Each structure stands twice: as C-alpha cells, then as structure tokens.
Amino acid sequence: QVRLVENGGGLVQPGGSLRLSCAASGRIVRVNAMGWYRQAPGKQRELVANITSGDGSTNYADSVKGRFTISAGNAKMTVYLQMNELKPEDTAVYYCNADLISGWDRRVHWGQGTQVTVSS
C-alpha cells in the first residue's frame with residue numbers, strides 16, 4: 001500500500017514563508033513525477049507545481065512563479081515546496097500527489113492535504 005504524508009502547513013502572515021514536505025512510502029517501484037495541488041474554499045483543485053523524476057524538470061502555475069520552488073529529495077520519494085512571499089490568495093488546502101509505479105500498477109496517488117492559511 002502506498003502512502004503520501006504531508007507536513008509543514010500552518011498559519012503565516014502575508015509576505016512570510018512556509019516549507020511543505022511530502023514523503024511517499026510503500027511498495028514503490030518507481031516515482032515518475034510528484035507535485036502539489038491546492039484547493040481553496042469554493043474553488044476547483046489546481047496545480048501549483050510539479051517535478052519530473054527523470055530529468056528534474058519543473059512546472060509552475062503562473063500565480064506562484066518566482067515565489068514558490070519545488071524540489072525533490074535525493075531518493076526521489078520526497079518532494080518539497082518552498083513558499084515565499086505568501087499572499088492571502090495562497091490560502092488553501094495543499095495536496096501532494098505522485099505518479100508512481102507500485103507492483104505492476106501505475107497510477108496517481110494523493111496525500112491527505114495540509115492547510116495553509118495566509119492572514120494577518
């Protein structure tokens with residue numbers, strides 16, 4: 001069974017920083033890509049950033065470019081999201097996801113989500 005466990009959410013003032021982490025565990029053969037999505041109240045879940053394991057290529061939502069940085073751990077089973085210059089509109093539940101192979105099965109797995117609140 002594959003698990004994704006997120007850490008690092010919380011309350012921060014506008015302009016502040018937070019670092020989210022997500023660790024994948026279980027019978028994992030290979031991680032193809034990992035990423036972060038977020039969902040604010042009344043809105044659809046949206047991509048924040050993702051990173052490909054093979055070449056380390058990254059992709060960011062326009063709204064976070066220049067402020068957020070996604071990176072992978074050495075074992076490629078951990079992903080981080082460094083969030084700087086946070087704005088109230090960044091408030092959302094942040095979900096980690098991973099496109100990975102477990103046994104003979106390739107699919108996307110999701111974490112339970114971590115709340116990020118940006119408020120003064």
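Which residues does Arg38 touch, not counting residues up to four places away in sequence? I put this to the model, which is a predicted one.

**Entry 1: Arg38**

I listed the contacts of Arg38. Arg38 touches Gln44, Arg45, Glu46, Val48, Ser63, Val64, Phe68, Glu89, Asp90, Ala92, Val93 and Tyr94. I then looked up where Arg38 sits, and found Arg38 in strand S4.

Is Arg38 buried or exposed? Its relative accessible area is 6%, so Arg38 counts as buried, because the cut-off for buried is under 20%.

I checked the polar contacts of its side chain next. The side chains of Arg38 and Glu46 are joined by a polar contact of 2.7 Å. The side chain of Arg38 also makes a polar contact with that of Tyr94, at 2.9 Å.

**Entry 2: the core**

Tyr94 came up again when I turned to the nonpolar core. The largest nonpolar core has 31 residues. Tyr94 is among those with the most contacts inside this core, along with Met34, Trp36, Leu81 and Met83. I looked up which elements give two or more residues to the core: strands S3 (18-25), S4 (30-39), S5 (46-52), S7 (68-72), S8 (78-83), S9 (92-102) and S11 (114-118). S9 gives the largest share, five residues.

**Entry 3: S9 and its partner**

I followed S9 to its pairing. S9 pairs with strand S10 (residues 105-110) in the antiparallel sense, over six bridges. I picked out Asp99 and found that its bridge partner in S10 is Val108.

How many residues lie between the strands in the hairpin of S9 and S10? I found two. In this hairpin, Gly103 takes a positive phi near 65°.

Definitions and conventions:
Residues are numbered from 1 along each chain as its sequence is written. This is a predicted model: local features need pLDDT of at least 70, side-chain atom pairs count only at pLDDT 80 or more; totals for chains, interfaces and linings use all residues. Side-chain values use heavy atoms; hydrogens and water are left out. A nonpolar core is a set of buried Ala, Val, Leu, Ile, Met, Phe, Trp, Tyr and Cys residues joined through side-chain atoms within 4.5 Å. Buried means under 20% relative accessible area, exposed over 50%, partly exposed in between (1.4 Å probe, protein chains only). Helices (H or I, at least four residues) and strands (E, at least two) are DSSP runs, numbered from the N terminus. A polar contact is a pair of N or O atoms within 3.5 Å; within protein, one must be able to donate a hydrogen and the other to accept it, and residues adjacent in sequence count only if both atoms are side-chain atoms. Contact means heavy atoms within 4.5 Å. Two strands pair if DSSP finds at least two bridges between them.
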